Amino acid sequence: MTQPLAAYDVPVIDVDSHYTEPPDLWTSRAPASYRERMPQVRPNKDGDEHWYVDQDVDFGPLGLTVVKSDGSKEYGAYSLPTFEEMSAAASYPGPRLEMLDHLGISQQIIYPNVAGFGSHRFMMLQDSELRNLCARIYNDAAIELQEAGKGRLFPQAVTPFWDIDECLRELRRMKDAGITGIVMTDTPELFRLPYLHEPHWDPLWSTCQEMGIPVNFHVGAGQNLWQRMMWKGYGPQRNLAAISVSLFMIQCKTIMNLILSGLLDRYPNLNFVSVESGIGWIPFLLEALEWQYDETIPDERENLSLRPKEYFQRQVYASFWFEQWGPLHAIEELGVDNVMFETDFPHPTCLYPDAQTQITETLGQLDPTVRRKVLHDTAKRVYNLPPAP
């Protein structure tokens, strides 16, 4: 039997897992005057537990969580219907640390669920102060989760991007608290806000660059563009598969625009992470951008001092979990310092309960120096993590 790589080779950093927000996350921290309007859990018309906010706005199911309380995994489910059925490791730091030991994971980057992967779901609320308060309370909980994580759990802060001044205040507060990165929507234009490369966002990018805070674009961090990519008539399981694959292709838009917009030229020391996007398709994107750069942009190269692939290797990072072809063939093309590993716990298709088999069978074939960068060194550098306990 092959010995798991993490047992003797390198402390593994998982750069994409999720926090299934506990049912009292907001109500237990809210001012009394807002408590009834905070996100809270109650049964929907079918008897499944859903999140509701501002009393009657349906925020959806309980965080795409499929890892069960008995340690098994519910295949084919979008999310388990009740908290009682879920693994406590999805929501609470003590059980999460035990789960990391079981999976052979040293440290873990953690993203929201209910808040939206880019904090964009708060835009369902009309009251801007309610949105701001929801974001602040989530970040309060993230600070507490990181403190309870004993140097192993690193939740990323949500950004109240709808209010740039509040966004900057929250960014500075999170930096002071030791939070290691932020999430950001990839489609602010669909919320009637400027595109990401327009001057409106310069205070955010300059502050992140100054503080050394990476900006995470998690797949699905904006409006549901995947709905335009799917044919009608799928059942729920086929629908979930189609959504999951389409999200990778939508991420192409984000990386392409980062490179072509000139944003990376203006902020050369700001890191962007394409989270849960996979990596096998990115070499083709970069090859296509290189070709089009030469063939179709002879005269419009202002604010483009580097070639597309050079921008990616300097400032853009991506993560994978289930792939086998990508890690063995794409890493060298993308850059050995630009690829990181994830488990996606506790979502559908996550590497649970046996992440070590995937690590060993796929990454065991890589040069040890490359393997260490993918599993540990790059994530430690990008998120400025402390040494693993």
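A crossing of two helices is called left-handed if the near helix is turned anticlockwise from the far one by less than a right angle, and right-handed if clockwise. The structure examined here is a predicted model, in which local features need pLDDT of at least 70 and side-chain atom pairs count only at pLDDT 80 or more, while totals for chains, interfaces and linings use all residues. Residues are numbered from 1 along each chain as its sequence is written, and side-chain values use heavy atoms, without hydrogens and water.

Helices (H or I, at least four residues) and strands (E, at least two) are DSSP runs, numbered from the N terminus. Helix α5 (residues 236–260) crosses helix α7 (residues 282–296) in the right-handed sense. Their axes, lines fitted to C-alpha atoms over the stretch in contact, lie 11 Å apart at an angle of about 35 degrees, on a scale from 0 to 180 degrees between N-to-C directions. Contact (heavy atoms within 4.5 Å) involves Cys252, Ile255, Met256, Ile259 and Leu260 of α5, together with Ile282, Leu285, Leu286 and Leu289 of α7.

Turning to the strands, β5 (residues 107–111) has 5 of its 5 residues buried, meaning under 20% relative accessible area with a 1.4 Å probe, protein chains only. Gln107, Ile109 and Tyr111 point one way from β5, and Gln108 and Ile110 the other way. Two strands pair if DSSP finds at least two bridges between them. Strand β1 (residues 13–18) runs parallel to β5 and is joined to β5 by 4 bridges, with aspartate 14 opposite glutamine 108. Strand β6 (residues 153–155) also pairs with β5 in the parallel sense, over 3 bridges; here phenylalanine 154 is the bridge partner of isoleucine 109.

Methods:
Buried means under 20% relative accessible area, exposed over 50%, partly exposed in between (1.4 Å probe, protein chains only).
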